[in-house]
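The following paragraphs lead through selected parts of one protein structure. Please keep the sequence and the structure in view while reading.

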Amino acid sequence: MKKELESKNGSENAIHFVDILMQHSELQTLTNDDGATLRDQFMAENVQWILQQEQRNGHEKIFVTGHNSHVAKWGSFDSMGKLLSKDAANGYYVIGTDFYKTHCNMPTRSPEKRTIQVFYSHDPLAKAAKLAGFDICWLDFTKVPENSELGRQASEYTYMGTLGESYSIIMRLLPPSYRMFQPPAELYDSMIFVTDANPTKILENNVCKTSCF
């Protein structure tokens, strides 16, 4: 199909859609670890493709949303954000998110059932935002003095919340299973903190699924 499209004019978008289908097929054949790394590589390539399309239309910047683990520019594996940030010409700027407390709507092992669970990130920066009286706030790490207590907490390894689209009882028994231990200022250029995050209301037609950090 791709070879046939390449022989026709005006097929650039269709060719890219075929590439995405081929990426998906390749991911189905890999183990979880290998598949996770390759998935982020494909994501980075696709973001670059979107940026190129926008630049052709005179738009120099794009805005991408994603899970913290995918957009972070530093970490133990080559995430989408880490790959994009290596290209300095991109001007990659990443805003991480975290919560002090969240009510998260998550699917259980039964695909038809969801549960609302409460989690605490144990993030000292999120706690500082709560104690300062902010329901939601944005912290730009470039504006934080390095020799301040806030600067120290931002640059050192610390706990942060990291939740996905699944729930297990293990998360109750082992809180570190839904927290990561990383230096915030290395992962992100800035962060948004929410003191008390609430789940999106599930609609009858199941259009709305979940909202959590």
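Asn105 belongs to strand E1, which covers residues 95-107; strands (E, at least two residues) and helices (H or I, at least four) are DSSP runs, numbered from the N terminus. The model is a predicted one, in which local features need pLDDT of at least 70 and side-chain atom pairs count only at pLDDT 80 or more, while totals for chains, interfaces and linings use all residues. Residues are numbered from 1 along each chain as its sequence is written, and side-chain values use heavy atoms, with hydrogens and water left out.

Asn105 is buried because its relative accessibility is 7%; buried means under 20% relative accessible area, exposed over 50%, and partly exposed in between (1.4 Å probe, protein chains only). The side chain of Asn105 makes a polar contact of 2.8 Å with that of Arg114. Such a contact is a pair of N or O atoms within 3.5 Å; within protein, one must be able to donate a hydrogen and the other to accept it, and residues adjacent in sequence count only if both atoms are side-chain atoms.

Asp123 lies in the loop between strand E2 (114-120) and helix H6 (124-131). With a relative accessible area of 2%, Asp123 is buried. A polar atom of its side chain is 2.8 Å from the backbone nitrogen of Leu125. Beyond its neighbours within four places in sequence, Asp123 is in contact (heavy atoms within 4.5 Å) with Asp98, Tyr159, Met160, Met191 and Phe193.

Where do charged side chains meet in a salt bridge? Side chains of opposite charge can pair when their charged atoms come close. A salt bridge is a side-chain nitrogen of Lys or Arg within 4 Å of a carboxyl oxygen of Asp or Glu, and by this rule the count is eight. One of them joins Lys73 and Asp189, with 2.6 Å from N to O. This pair links distant parts of the chain, 116 residues apart: Lys73 is in the loop between helix H4 (68-71) and helix H5 (80-85), and Asp189 in the loop between helix H9 (184-187) and strand E6 (190-197). Lys73, at 25% relative accessibility, is partly exposed, whereas Asp189, at 15%, is buried.

Arg152 and Glu156 form another salt bridge, their closest N and O atoms being 2.7 Å apart. Salt bridges that share partners also join Asp78, Lys82 and Lys86 into one network.
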